[in-house]
Amino acid sequence: MTSLPLISVDPDARGRRPSMPPRHLADLDLPGRQALVTELGEPAFRAKQVSNHYFGRLVRDPERMTDLPAATRERLAGELLPTLLTPVRELACDDGATRKALWRLHDGSLVESVLMGYPDRVTVCISSQAGCGMACPFCATGQAGLTRNLSTAEIVDQAVYLAGVAASGAVSGSPPRLSHVVFMGMGEPLANYSRVVAAIRRLVAPAPEGLGLSQRHITVSTVGLVPAIRRLASEDLSVTLALSLHAPDDELRDELVPVNQRWKVSEVLDAAWDYAATTGRRVSIEYAMIKDVNDQPWRADLLGRLLAGKLAHVNLIPLNPTPGSRWDASPKPVEREFVRRLRDAGVSTTVRDTRGREIDGACGQLAAAGDTDGDSRAATA
């Protein structure tokens with residue numbers, strides 16, 4: 001594990017109340033950026049120039065924007081590219097292939113992102129909220145509660161920053177280009193619906209409008225907000241839906257995923273199957289393996305019956321325990337038996353690669369650590 005230097009930040013941030021950040025070009029589509037630039041007294045094409053630096057060249061330093069007049073660089077960058085994310089801590093492991101960043105937002109809130117390099121792709125896991133209001137008891141972010149929604153630009157800026165890390169060659173053994181984004185960091189993405197959908201549109205639009213990623217390489221996770229799932233199906237997007245199920249029966253899921261008390265397993269799965277039918281995209285069923293809680297053979301059999309014949313894939317997740325938690329990961333023999341039973345039922349199943357345990361890899365762990373770590377503490381984490 002490599003621990004990069006702690007970066008000092010504004011100590012006054014601790015006392016600030018949660019609030020939305022200043023407007024950023026990623027909050028706007030290209031016509032909106034052009035209108036803003038025109039209001040500033042500049043020709044509209046300057047919006048394309050600045051946007052191409054940010055999305056196309058992954059540059060935000062005005063001194064490097066040499067196609068802009070020197071007299072206007074600072075002003076345009078200040079208006080279109082205000083600082084949204086201040087690094088507090090960056091940790092790396094797996095020989096640099098996994099890198100986790102803890103950010104302080106303008107109001108002192110803390111969020112996390114993770115970059116993961118593989119031989120054929122580079123993936124970033126980004127946050128959509130500071131904290132989370134879904135209150136899943138085995139999740140570090142859920143234990144912290146919700147601070148606020150992130151803006152569209154705060155979401156996008158995580159991906160753009162880490163795309164720059166990948167482009168620098170810092171992730172050895174991987175392509176130097178970000179290719180995949182998963183909304184599996186802090187927060188419930190569909191509880192911040194409009195900004196998350198706007199962020200997706202920025203990520204998939206070609207430069208200078210956006211980052212130019214494939215829609216099919218974007219994954220949006222949800223605990224099962226049924227109306228939002230159905231709304232997402234109507235957005236004419238072909239992103240992957242990842243449903244955090246974690247239990248096949250209502251009795252246990254009511255405890256593990258409290259929103260199940262509003263929308264039961266059958267309702268959530270019906271919405272997921274409708275999403276698959278509308279988009280043609282296979283639904284990823286996320287299932288954290290928790291020792292002696294949801295890993296019994298009969299639950300594997302029930303899950304297999306619910307998913308058999310559906311356009312779905314099960315992604316089993318070895319639980320990354322949080323400090324002081326009563327929850328622990330299932331033993332490997334139990335995990336293997338769970339996989340066997342699902343596959344025997346004809347359900348495609350894999351076990352997620354467990355990265356980042358030594359760098360507080362579970363969502364919310366690094367923020368929780370930062371909240372109690374001297375100068376990196378924030379009152380709103």
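The legends below accompany close-up views of a predicted model.

View 1. The side chain of E112 is joined to the side chain of K100 by a polar contact of 2.9 Å.

**View 2. G187, one of the positions annotated as a binding site.** The unreviewed UniProt entry places the feature "binding site" at G187, E188, S221, S244, L245, H246 and N320. G187 is found in the loop that runs between strand β8 (180-183) and helix α6 (193-204). Although G187 belongs to a loop, this residue is buried, with a relative accessible area of 16%. When residues up to four places away in sequence are not counted, G187 touches S128, Q129, G131, C132 and T141.

**View 3. L245, another of the positions annotated as a binding site.** L245 is also listed under the "binding site" feature that comes from the unreviewed UniProt entry, and it lies in the loop between strand β10 (240-244) and helix α8 (250-256). The relative accessibility of L245 is 0%, so this residue counts as buried. Leaving aside neighbours within four places in sequence, L245 is in contact with R253, V257, I285, E286 and L303.

View 4. A search of the whole structure finds 16 salt bridges, and one of them is formed where the side chains of R230 and D274 meet, with a distance of 2.5 Å from N to O. This pair links distant parts of the chain, since R230 is in helix α7 (residues 226-233) and D274 is in helix α9 (residues 265-279), 44 residues apart. R230 counts as partly exposed at 40% relative accessibility, and D274 likewise counts as partly exposed, at 38%.

View 5. E335 forms a salt bridge with K332, and the closest N and O atoms of the pair are 3.1 Å apart. Both residues lie in helix α11 (residues 332-344), where they are three residues apart, which is about one turn of the helix. The two partners fall into separate accessibility classes: E335 is buried, with a relative accessible area of 6%, whereas K332 is partly exposed, with a relative accessible area of 41%. The class of E335 follows from the cut-off, because buried means under 20% relative accessible area.

View 6. The salt bridge between E337 and R341 brings their closest N and O atoms to 2.8 Å apart. E337 and R341 both lie in helix α11, four residues apart, or about one turn of the helix. E337 is partly exposed, with a relative accessible area of 26%, and R341 is partly exposed as well, with a relative accessible area of 25%. Salt bridges that share partners join E337 and R341 with D301, R340 and D344 into one network.

Terms used:
Residues are numbered from 1 along each chain as its sequence is written. This is a predicted model: local features need pLDDT of at least 70, side-chain atom pairs count only at pLDDT 80 or more; totals for chains, interfaces and linings use all residues. Side-chain values use heavy atoms; hydrogens and water are left out. A polar contact is a pair of N or O atoms within 3.5 Å; within protein, one must be able to donate a hydrogen and the other to accept it, and residues adjacent in sequence count only if both atoms are side-chain atoms. UniProt positions are given in the numbering used here, feature names are shortened, and annotations may be inferred rather than shown by experiment. Helices (H or I, at least four residues) and strands (E, at least two) are DSSP runs, numbered from the N terminus. Buried means under 20% relative accessible area, exposed over 50%, partly exposed in between (1.4 Å probe, protein chains only). Contact means heavy atoms within 4.5 Å. A salt bridge is a side-chain nitrogen of Lys or Arg within 4 Å of a carboxyl oxygen of Asp or Glu.
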